[in-house]
Amino acid sequence: MTHTAHPIRRGAVLAIIMASYLMIVIDISIVLTGLPKIQAALGFTPAGLSWIQNAYTLAFGGFLLLGARAGDILGRRRMFIAGLAIFTSASLAIGAAQSPAWMIAFRAVQGFGAAVLAPSTLALIATHFEEGHERSRALAWYAAAAGIGATLGLVLGGVLADLISWRAGFFINLPIGAALIAGSLRHIRETPRHAGRFDLAGALSSTLGMGALVFGIVEAAEAGWASTLTQTSIAAGAVLLAAFLWIETRAQQPLLPLGLLTNRRRNGAYAARLLFLAGMSGFWFFTAQYLQGSLHFSPMQAGLAFMPVTLPQFLSSISVPALSRRFGARRLLLAGLSLCVLGLLWLGLTAQRMSYLGGVVGPMLLIGLGQGGVLAPLTMAGVAGVESRHAGAASGLLNVAHQLGASLGLALLVVVYAGANVGGVAPVHDAAGMAQRTGFALLAAAGFLLTALLVSARFICFDPARPSAPATSSTPASRSA
């Protein structure tokens, strides 16, 4: 089958790419509304539950740059299909998990599959869609998939956990993955292959470094910051990450071309995305448990309770191209972040009311509207001005910021939750104690988002070192690789 004989069906290509990326984003959050049942079934400790998320996101973020390089060397369609196969197989193993170690191990394998798959999604958009309006629209839909995936996963996970089993949320990936592989073979064309080397030392040092750092932070939630294991893990993580940067300066073909970090605007986009996900990971993780532990919702009710986030987010996400043309992408980004900050502050301050209508619905509406307008401008700013030879690395680095922000943010917020001053309120498992601790954690999460807002304003929207340009969605997209 040749390209000349079978012209590209861009609608089918975009549908395959979006469905694939939606699947890997959904699986970040699909377990959240099922956490109480997973804990009861497999015997997780409260802090150990965070590793269901962190094992996935750390492997995802840690191997993303290696996955991006593999796409450049071996072909992006080939890596796209390989990632789908690994991800789908790991989903089967997770659904059959019988112990915490089993589940965590295969969540890490699933994250590795996502790391192979995800970098090729943005790169395939660049090779199948022309610069300008066509690519801008494709990127807007891609960002919408990234945005709604997390909240859709919460809804789907809760419904499946209540009506069938939490395991069904992973088994459902089998037919979807198989269909996407078949569709990829039919509709997606292979990209040119480039000679190169795999920077395994860089991949291992970065992944192990982030893993040790997050492990040390989570350990602090149970053993305290003075614990020898906590301090040793954090120190080892810092040393390994420093070693990663040293390796990258000397590698013939580094995973992370340090030249990508010389652009202030892109650096601002990476930092803002990391901080944004650091805060939003706390919103998803703690609110899902709060709805069940403090408000006594069933998993299905908890999943459906996120609809005030999901629906406004979808509507605002698909409106990004039109809103950007009218108001400018920079204004849209700042407005979206501001709404998210207000929503999390509101939710954190009203958590102790233990009322869904009186303290949850309103904040969720603000968060949903805001998040829909954040990810597309950050995605466009993160790939703006990148040379075509660095397209895979740039898209990989954007996703690294996304996943590692979620891991680091959740680890730190688990510490805030565990160490909150509850002033004599009953222990964490008590409904009132959980509500008060959740409020502290969500206020800390709002702090991450406020910092993301300040970084965006300084380095993306009002950077005096950046030449003035029309702030439309087509501007960065037209320069993206």
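Both Tyr56 and Phe60 are buried in this predicted model. The two residues belong to helix α3 (residues 50–62), where they are four residues apart, about one turn of the helix. Phe285 and Phe286 are both buried. The search of the whole structure returned eight aromatic pairs. A charged group is also found at an aromatic face: Arg458 lies over the ring of Phe459, at 5.1 Å from the ring centre.

In soluble globular proteins, nonpolar side chains tend to be buried together. With residues up to four places away in sequence set aside, Met103 touches Val31, Ile38, Leu42, Phe44, Ile52, Ile94, Ala97, Trp166 and Phe170.

At the level of the whole chain, the secondary structure consists of 22 helices and zero strands. Of the 481 residues, 60% count as buried. The chain exposes about 17,800 Å², of which carbon and sulfur atoms supply 67%. Among contacts between residues at least 6 apart in sequence, 84% join residues at least 24 apart.

Thr88 lies in helix α5 (residues 76–95). Thr88 counts as buried because its relative accessibility is 10%, against a limit of 20%. Beyond its neighbours up to four places away in sequence, Thr88 touches Asn173, Leu174 and Gly177.

Val416 is placed in helix α20 (residues 391–419). Its relative accessibility is 31%, and Val416 therefore counts as partly exposed. Val416 and Ala441 are 25 residues apart in sequence, while their C-alpha atoms are 5.7 Å apart in space. Apart from neighbours within four places in sequence, Val416 is in contact with Phe440, Ala441 and Ala444.

Side chains of opposite charge can pair when their charged atoms come close. The search of the whole structure finds one salt bridge. In this salt bridge the side chains of Asp162 and Lys37 meet at 3.8 Å, N to O. Asp162 lies in helix α7 (residues 133–163) and Lys37 in helix α2 (residues 35–42), so the pair ties together parts that are 125 residues apart in sequence. Asp162 counts as partly exposed at 27% relative accessibility, and Lys37 is also partly exposed, with a relative accessible area of 33%.

Positive phi values in residues other than glycine were examined at two loop positions. For His296, phi is near 60°, a positive value in a residue other than glycine. His296 lies in the loop between α12 and α13 (299–304). At 59% relative accessibility, His296 counts as exposed. For Met354, phi is near 55°, again a positive value in a non-glycine residue. The position of Met354 is in the loop between α16 (329–350) and α17 (356–359). Met354 counts as partly exposed, because its relative accessibility is 31%.

Definitions and conventions
Residues numbered from 1 in each chain as written. Predicted model: local features only at pLDDT ≥ 70, side-chain atom pairs only at ≥ 80, totals over all residues. Heavy atoms only, no water. Contact = heavy atoms within 4.5 Å. Buried < 20%, exposed > 50% of the residue type's maximum accessible area, 1.4 Å probe, protein only. Phe/Tyr/Trp six-rings, centres within 6.5 Å; stacked < 30°, edge-to-face > 60°. Lys NZ or Arg CZ within 6 Å of the ring centre and 35° of its normal. Areas by Shrake-Rupley, 256 points an atom, 1.4 Å probe, with all protein chains shown as cover. Salt bridge = Lys/Arg side-chain N within 4 Å of Asp/Glu carboxyl O.
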